[in-house]
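Have the coordinates open as you read.

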Amino acid sequence: MALIPSLIPKELEIQRLKRIYVMIIVMLSVTASADLGYFVDTSLNQTIIRDSAFTPANWWLYSSLIALPLGWGIIAVYDRRVPVMRGPGNALNTGLKMAIIGYLASMFAIGVNELWHFWFVEEIFAVPPHWIFNMGIFVALMGSLAYLVRVYARLVELGVEMPARNPYLAEMYKLALEGKLYSRSIP
């Protein structure tokens, strides 16, 4: 990555990468709250047998699962302003594609889940629409984390001191990026 020349000034790239980094953290926190809402919804489904799209747990879950692909789409649009972050063939970053596709799959699973419960009234946690939802969230989280690591690695490569201005920590991050962190003893 160090061989790729930057097409924009370093300060501007750092500023844009920091914005992307903050947007990723916000999207990951919305994902964590959606995950919590999913557990609440599952718990309610175990006790009240059948709920609808209008129960409070589903309100939060469905609204956050609509906000997630839209938020990641905004990140994808803003990502185009940092040329180094583009993927192979000048396309979107692979992690970013995985995040968007995973959250779109979970959105699709919401509609399929409601149709499933229209025909099959029982609420079983292991029904196929829940598989689509779980796999979509898993793929999206893997892509989100891959993209987060890529943005963070680029920030460190540019010399931005994200954690602290502690020289010991800066040395640790430098060694970690070079793959030499565990090759020496750490006091």
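How many cavities of 30 Å³ or more are there? The count comes to three. This is a predicted model, in which local features need pLDDT of at least 70, side-chain atom pairs count only at pLDDT 80 or more, and totals for chains, interfaces and linings use all residues. Residues are numbered from 1 along each chain as its sequence is written, and side-chain values use heavy atoms, leaving out hydrogens and water.

**Terms**
- A cavity is a set of points, on a 1 Å grid over the protein atoms alone, where a 1.4 Å probe fits but cannot get out; lining residues have an atom within 4 Å of a point.
- Volume is the space filled by probe spheres set on the points, with grid points joined across faces, edges and corners.

**Largest cavity**
- The largest cavity holds about 80 Å³ of space.
- Its lining consists of Tyr38, Asp41, Asn58, Leu61, Tyr62, Ala109, Ile110, Asn113, His130 and Phe133.
- At least two lining residues come from each of helix H1 (10–47), helix H2 (56–79), helix H3 (94–119) and helix H4 (128–157); helices are DSSP runs (H or I, at least four residues), numbered from the N terminus.
- By class, six lining residues are nonpolar, three polar and one charged.

**Second largest cavity**
- About 40 Å³ of space lies in the second largest cavity.
- Thr31, Ala34, Asp35, Tyr38, Leu61, Phe133 and Ile137 line this cavity.
- H1 gives the most to this lining, with four residues; H1 and H4 each supply at least two.
- The lining divides into five nonpolar residues, one polar and one charged.

Technical notes: On a 1 Å grid over the protein atoms alone, a cavity is a set of points where a 1.4 Å probe fits but cannot get out, and a pocket is an open set with protein on both sides within 12 Å along at least five of seven lines; lining residues have an atom within 4 Å of a point. Ala, Val, Leu, Ile, Met, Phe, Trp, Tyr, Cys and Pro count as nonpolar, Asp, Glu, Lys and Arg as charged, and the others, Gly among them, as polar.
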